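Open the model in your viewer and keep the selection panel handy.

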There are 4 protein chains.
Amino acid sequence: MIIVMKKFAENTQIERVLETVNKLDLKPVPLYGTERTVIAVIGDERPVDQHHISSLPGVDKVMSILDPFKLASRDTKHEDTIVDLGDGVTVGGKKIAMMAGPCAVESETQMESIASEMKKAGVQIMRGGAYKPRTSPYSFEGLGSDGLELLSSVAKRHGLKTITEIVDIRDIDIVGKHTDIFQIGTRNMQNFNLLKEVGKTQKPVLLKRGMSATIKEFLLAAEHIMMNGNSKVMLCERGIRTFETETRNTLALATVPLIKELSHLPIIVDPSHSTGKPTLVSPMTKAAIAAGADGILVDVHPNPQEALCDGDQAIKPETFHKLMEELKPLTEAVGRLL
Amino acid sequence: MIIVMKKFAENTQIERVLETVNKLDLKPVPLYGTERTVIAVIGDERPVDQHHISSLPGVDKVMSILDPFKLASRDTKHEDTIVDLGDGVTVGGKKIAMMAGPCAVESETQMESIASEMKKAGVQIMRGGAYKPRTSPYSFEGLGSDGLELLSSVAKRHGLKTITEIVDIRDIDIVGKHTDIFQIGTRNMQNFNLLKEVGKTQKPVLLKRGMSATIKEFLLAAEHIMMNGNSKVMLCERGIRTFETETRNTLALATVPLIKELSHLPIIVDPSHSTGKPTLVSPMTKAAIAAGADGILVDVHPNPQEALCDGDQAIKPETFHKLMEELKPLTEAVGRLL
Amino acid sequence: MIIVMKKFAENTQIERVLETVNKLDLKPVPLYGTERTVIAVIGDERPVDQHHISSLPGVDKVMSILDPFKLASRDTKHEDTIVDLGDGVTVGGKKIAMMAGPCAVESETQMESIASEMKKAGVQIMRGGAYKPRTSPYSFEGLGSDGLELLSSVAKRHGLKTITEIVDIRDIDIVGKHTDIFQIGTRNMQNFNLLKEVGKTQKPVLLKRGMSATIKEFLLAAEHIMMNGNSKVMLCERGIRTFETETRNTLALATVPLIKELSHLPIIVDPSHSTGKPTLVSPMTKAAIAAGADGILVDVHPNPQEALCDGDQAIKPETFHKLMEELKPLTEAVGRLL
Amino acid sequence: MIIVMKKFAENTQIERVLETVNKLDLKPVPLYGTERTVIAVIGDERPVDQHHISSLPGVDKVMSILDPFKLASRDTKHEDTIVDLGDGVTVGGKKIAMMAGPCAVESETQMESIASEMKKAGVQIMRGGAYKPRTSPYSFEGLGSDGLELLSSVAKRHGLKTITEIVDIRDIDIVGKHTDIFQIGTRNMQNFNLLKEVGKTQKPVLLKRGMSATIKEFLLAAEHIMMNGNSKVMLCERGIRTFETETRNTLALATVPLIKELSHLPIIVDPSHSTGKPTLVSPMTKAAIAAGADGILVDVHPNPQEALCDGDQAIKPETFHKLMEELKPLTEAVGRLL
């Protein structure tokens, strides 16, 4: 931690900061510059509340040296984390994990149709939402527990793993019973009590980036889960909110190699919610894999114009099959498997 | 709703859109332009899922005409909503509602000191957090139910109303028992199940704007609460996230008069979390009131450098007293009462 | 400057950094922490290119201690700068400088009408654009030199000072001849050669904040002008670009008191371009003055619906007169003059 | 164009809008809805100033139907534009155009070294800045005309084409004499007079996206050039400004396929300025090509830590050679040539 004093900070103010740092069992090193005094702090700053120090009289600002996350950091664990879903299905290794399916579970016919298409395409993990957070209270909110049962029974029949969103702490048992992966949506990335609860289970968690979360906040959210004992966390870049309105969000693909530097956790990309346009899904899937993503979470719907949720961003099974064909040489070219 | 067809949309595609609109009991009016066909839709578009229509083949984009919120809209209710907290304390009328106190409840001494200072300053509503959502899992998370009891007992002793944040659906009874206003924080603005639950009570709710929420999404979040039967909603502008890092957030004060145009709900401003700097609290409080805000939610702490939460943005009681003095002529000049 | 080395930086890398700093005539102080080595640099870091150091092997990041601007800094000059326009008209003192007029100069009738209205309202500085930067090449681009002459002759007749935008280095003489203040628009805040040229004159400059410029970049742009010898710089907050689309830009009013802390230059607010809505102009003007602004730059047009430029954000003279009436008690309440 | 009237708009206001539209030689179609009247306008709305109409009394908002650009639009020209630089070098066809070299031209040694490395790597276009726009007035601003001569003479010797930035209208002849491509930087994307001047030449232009420009504004900037007669425009995505600070900018790669839909112009990606980190250059180059980019503009410097400009984002020639090797199978996999 570096503490920058104000230009005309008094000696008593400087001394008070030194004392405060000492009390925290850290070592302050004052550096008397030509314009300002700077106090470098030696020791692990992470457990310290910076606001505490920045509110001392005479302090101008406090700057961190260490990244604030620890368990999620590649400094702590060098090798890549591989999340094992059982039955040979893994996320984070050489094989790209394709997670595909409809935004919302709607009916048995729909799920059957998708499941058989996804299976045919070589997909191992089927997505489908039963609880949908919706901006407008007038929108379809999902089938709830009936949707969960549909998802899991159809998936089992086809030998697919599942991923579905959990939005309410009270649903942790029922959702946990029916899914192989808890999905935490963008709006819940900082729902800390929900993170804590999924952290207490041993079920893999896919954590979506908050739409205005920095990468550090994203990794700190993962830290909330890991601190509670669950290290099976997969991160998911799904676009951030910017001034651009032509796409639903702005897919920040540089997040992928950057996360790979900062963390050992797998990183997945969602080309559907990030762009909001089906024509952009295929090129952005390719780009994500070329950038080093470990998996793709994509909306596929047998009949987008009848979809009860986000139909305008789903691609059709035939488009998905074509994409899978095109991905084969590409994944090979970047040294991955599909 | 206006449906814009693609430049080379086929007749069968246009006909399918017309049919679909008819099925929704709305009236489509096709307009055949020189370059494109546009279909204007007459009727109430709010219950319709636009994504449904925008995913139809040949459709380029769909644009809304009506604002998507209804209960929160000034079109629906012309006169200002005044939220009554009992004992003559109201929010939304001529009198500016000052809500002041520490970010976190820490101890009886702290709360007693603040309560007597706030009372002296003419404040009617005391704030204080018992459950604190924290970006880092290594930060102080509040005293929980002990904090709630401290807050309510001290407030009662001093004849003050209270406001405190609720972060977990499971706490609705205990928080409701101890506070006069539920505060929904920025990270929970789209925690729809939490909105629904506070909407089922009759306790006033202060809803903070999500840090990357548009004004429309903000009003739709209020709509989620109101739809469940609770119309005692106060909105709170607390800064949005932008590229600027000198201030913690960017206080978007034009939100105040804009909300007044769009909605009948009271609008409060938080000059503390929005700026993150105690020196900016007084000028931005004045600016907020000049812009038409109905109240101010401000961090005051007897000893900011000992604060367990956000001490670096709190002002001291003496600064607050001075601010109240300065606000007197200003509120009068803009036709309000303090 | 603080140089943070990578976690596993080698000794030879650390030594190379120490050497490099020594060569720059600065004093490096290495601090060997538990996880990383940090090198504090003592001396004036401003002339040093940080990128130079951050590209050295083993360096993780470089953090500045000092603000990068010097001439514009309040650390350098304590007292407020007051820009003198002659004939008793000043900007930056106790009196609020109202700068009002149409976005574009259109005709003598229009300018005469505005000038007499503005004079009557007590305005001392009339605005009016002759060269208009327009997003679309199909829009009206201003009357050019004819517009300049209209502006200056009408203003002279009414005893008003003038402000007009300069967009092209080649126009410096002709614009300089006709105006009392050079306005640098948001799109030219980092047109460094234009800044340099107006910096070589002694004519006052109103510098608008770039729509995505940080406050530091804004002050550095002022520094470009001041370095060339012209210290008569007025800053103008005109809204920044964010995700919000209900207003044209997001007026970041906390910029006002923050600039007052960081710099001695006057700060003006433009409530017209920042909001893009005439109904928001009056409340945001009041808010700006309450926040401590030294002046207001506002679009007034005798007939907004006939305006050739941005008519949808201009207010009418009668609205302006009413605003001036309402501002009187407010400016007094905050200790300023109108 | 769709004109939405206010909820309680009067008949005389509606009639005035109809009249105004008629006068513009467009056909208004009024639609009387349950809550509001909407007026659809048939005809080419592009030459009309929307602000003009949105300022009419009773008008709530005006929405465009047609994209505001015409010459740059794929609706106007279906097939991809291929920019021919002579000697068989083209941009926009099957071959990926690699444009590589240092941020700033510094010396003959530096340029010779880079040129021979780039030639060896198969690069056809060398970049190098002679005029550098710099945020701080204390930074290196380029060698000016000496730099231009160095660039062109070295490039000629090695049979390379060149690209260099123009920042000042007065330099159009000298820069034009020495370069094969005018580069317009992000800060000048809306320097309309500069766009006009390069538009009057027949030299190819690489137009960088403004750091806070929407895609529509980006294409409108291209339109400014094309309207003046020069259709040899290449667009360049170089990252936009967002709240994220881990990377210098946020590379918005979905821009690539989106531009391909909206426009016939080639689209280049700059992985260096967009990320600001050399370790992210290779993955983002791969991602850009997988997304469909027509070329890459990349900072390569023989000795980044001695670079006078942006050394911290440049990659070394050896890294570049390795990248080119890795790109071969990838470009093939996506059906392009390197």
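Start by selecting chain C and chain D: 51 residues of chain C are in contact with 51 residues of chain D, where contact means heavy atoms within 4.5 Å. Before going on, note that this is a predicted model, in which local features need pLDDT of at least 70 and side-chain atom pairs count only at pLDDT 80 or more, while totals for chains, interfaces and linings use all residues. Residues are numbered from 1 along each chain as its sequence is written, chains are lettered from A and ligands numbered from 1 in the order in which they are written, and side-chain values use heavy atoms, with hydrogens and water left out.

Stay with this pair. The size of an interface is often given as the accessible area lost when the parts come together. Chain C and chain D bury about 4,200 Å² between them, and 47% of that lies on carbon and sulfur atoms (buried area is the accessible area, with a 1.4 Å probe, that two parts lose on being put together, summed over both). Now highlight His51(C), Tyr138(C) and Gln305(C): in chain C they lose the most area to chain D, together 16% of what that side buries.

Next, show side chains. There are 6 salt bridges between chain C and chain D, a salt bridge being a side-chain nitrogen of Lys or Arg within 4 Å of a carboxyl oxygen of Asp or Glu. For an example, pick Glu141(C) and Lys196(D), which form a salt bridge with their closest N and O atoms 3.8 Å apart.

How is chain C related to chain D? A rotation of 180 degrees, with 0.0 Å of shift along its axis, superposes chain C on chain D with an RMSD of 0.0 Å (by least squares on the C-alpha atoms of residues with pLDDT of at least 70 in both copies). Click on Ser212(C), whose C-alpha comes closest to the rotation axis among the residues of chain C, at 3.0 Å.

Move on to chain B and chain A. Their contact takes 51 residues from each of the two chains, and about 4,200 Å² is buried between them, 47% of it on carbon and sulfur atoms. Across this interface, 6 salt bridges are found; one to select is Arg170(A) with Glu197(B), whose closest N and O atoms are 3.6 Å apart.

Chain B can be laid on chain A by a turn of 180 degrees and a shift of 0.0 Å along the axis, with an RMSD of 0.0 Å. The two copies are therefore related as by a two-fold rotation axis. In chain B, the C-alpha of Ser212(B) is nearest that axis, 3.0 Å from it.

Now hide everything but chain B. Select Asp67(B) and Lys216(B), a salt bridge with its closest N and O atoms 3.5 Å apart. The pair links distant parts of the chain, 149 residues apart: Asp67(B) sits in the loop between strand E4 (59-63) and strand E5 (83-86), and Lys216(B) in helix H7 (residues 215-227). Helices (H or I, at least four residues) and strands (E, at least two) are DSSP runs, numbered from the N terminus.

To finish, zoom out to the whole structure, where a search over all chains finds 99 salt bridges.
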